[in-house]
Amino acid sequence: MNILLLCEWNAPDLGIRTWNAIQGILEREGHHVQVIVLNSKELKPCVACLGCWLKTPGQCQITNDEANSVASKQINADAVVLVSEVIYGGFSADIKSFLDRSIQNIMPYFENYKGETHHPMRYKNFPIWIAVGYGNVSDTEKRTFTALAEKNALNMRPAKHIATIVNNDDELEKEVRNILRVLEVIA
Amino acid sequence: MKITAINGSPKAEGISSLIINKMGNLLDEQIETYQAVCLVRTEKHQEDIARILESDILLIVFPLFIDALPFPLIELLTRLESTVCHGAETPRVFTIVNGALDTAQTVLALNMIEHFARRARLPWRYGIGIGAGSLLYNAGEDWSKGLASDVHHALCDLVVAIKENRSGSNIYVSFKFPRILYKTIANISFLLEAKRNGVKNLRAQPYVNQEK
């Protein structure tokens with residue numbers, strides 16, 4: 001599998017160990033892993049101009065950073081793994097700086113999907129979506145994070161998706177192997 | 001009473017700004033407003049963050065981005081959290097999310113602001129999730145009648161809660177406007193706008209097989 005691993009520039013030690021562990025497991029299983037380190041200081045904020053929908057469909061009009069290149073890699077990967085410190089039950093600023101700009105990979109228009117109003121997909125397939133959160137996370141934040149992955153899946157409609165949270169090094173490898181097995185990314 | 005608003009929108013004059021202005025009118029108070037995207041990029045942001053934390057009320061108003069907070073707002077809130085002086089008087093937190101058509105989609109964003117308040121040990125009050133907030137552009141000056149009246153009433157309740165220092169459960173409000181009509185008008189306006197821009201194919205797939 002061609003797997004895109006999205007990590008944070010501003011990651012604390014547990015984040016770096018988590019991403020290294022995931023990369024190691026995936027590569028030992030024979031997958032091709034491309035690591036991209038996202039930096040919210042370098043990615044420009046989405047300005048909600050809708051240009052990526054209505055002026056240059058499928059491409060953000062801010063072109064002096066890496067967002068379009070990452071969006072292309074995202075849509076062409078078989079699976080995307082996001083490794084993010086859980087901030088208030090959501091993604092960190094580094095990871096979210098790309099996600100905000102990734103709306104170029106969905107369409108304008110509104111349609112009903114699973115009882116809610118969503119935008120249709122731009123591409124036929126969206127990669128398997130794996131959100132790995134880490135940090136000292138409360139139970140309520142954990143519930144928000146896993147619910148967020150469900151909501152994101154309604155917007156992006158990957159074939160499979162999962163969210164998990166790693167609290168410490170002891171459970172790191174076991175938890176990562178578990179979720180990759182559930183998604184049949186590893187045997 | 002010192003009231004400070006954080007505008008989490010990338011647009012200085014968007015819906016979040018309209019809501020903050022309306023809250024200022026309803027409260028009959030001056031609201032000092034900071035735009036998150038500007039604040040996190042200024043060199044004197046620590047000074048501004050200290051001023052924000054001196055407020056009695058912190059009103060966080062933002063649009064929903066991918067089911068959550070726009071990233072500059074996340075960045076600003078983490079800096080606020082790390083600056084809070086425990087033991088000092090801290091602002092009470094209210095929030096308003098201007099979201100997608102379904103108000104249910106604002107639930108997680110409201111939860112995130114509550115998580116922020118708890119992490120920063122700021123007194124959490126409650127939030128309002130507004131569905132199809134972009135309709136406020138069409139609401140005119142007087143929101144108390146017509147399509148924005150439910151939003152108006154929710155904001156009036158928030159004003160009372162601010163003045164009486166009350167907390168409560170989150171409130172979800174929408175416009176008096178048929179959903180099917182909203183979607184139809186939006187879908188047609190996307191096509192018209194694209195046509196004006198000379199776009200022939202809104203369904204373009206520029207990245208197909210680009211990385212193979």
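Q: In what order do the elements of chain B run from the N terminus on?

A: Helices (H or I, at least four residues) and strands (E, at least two) are DSSP runs, numbered from the N terminus. In chain B of this predicted model, the order is β-α-β-α-α-β-α-β-α-β-α-β-α. Residues are numbered from 1 along each chain as its sequence is written, while chains are lettered from A and ligands numbered from 1 in the order in which they are written. Because the model is predicted, local features need pLDDT of at least 70 and side-chain atom pairs count only at pLDDT 80 or more, whereas totals for chains, interfaces and linings use all residues.

Q: What pLDDT does chain B average?

A: pLDDT is the predictor's confidence in each residue, from 0 to 100. Where pLDDT is low, the predicted coordinates should not be read in detail. Chain B averages 93, and 99% of the residues score at least 70. The model scores ipTM 0.95 and pTM 0.96.

Q: Which strands pair with β4(B), and in what sense?

A: Two strands pair if DSSP finds at least two bridges between them. Strand β3 (residues 57-63) of chain B runs parallel to β4(B) and is joined to β4(B) by seven bridges. Strand β5 (residues 124-130) of chain B also pairs with β4(B) in the parallel sense, over six bridges. Asn98(B), in β4(B), stands opposite Pro63(B) and opposite Ile130(B) in β5(B).

Q: Which helices and strands make right-handed β-α-β units with β4(B)?

A: A crossover is right-handed if, with the strands pointing away from the viewer, the path from the first strand over the helix to the second runs clockwise. One such unit consists of β3(B), α4(B) and β4(B). Another is made by β4(B), α5(B) and β5(B).

Q: Why is strand β4 of chain B largely enclosed?

A: A residue is buried if 20 or more other C-beta atoms lie within 10 Å of its own, exposed if 12 or fewer, and partly exposed in between, with C-beta atoms placed from the backbone. In strand β4 (residues 92-98) of chain B, six of the seven residues are buried, so the strand is largely enclosed by the rest of the structure. Over chain B as a whole, buried residues make up 42% of the 212 residues.

Q: What radius of gyration does chain A have?

A: The radius of gyration is taken over C-alpha atoms, and the globule rule is 2.2 Å times the number of residues to the power 0.38. Chain A has 16 Å, which agrees with the value near 16 Å for a compact globule of 187 residues. The C-alpha atoms of chain A fill a box of roughly 50 × 35 × 35 Å along the principal axes. The secondary structure of chain A comprises six helices and seven strands.
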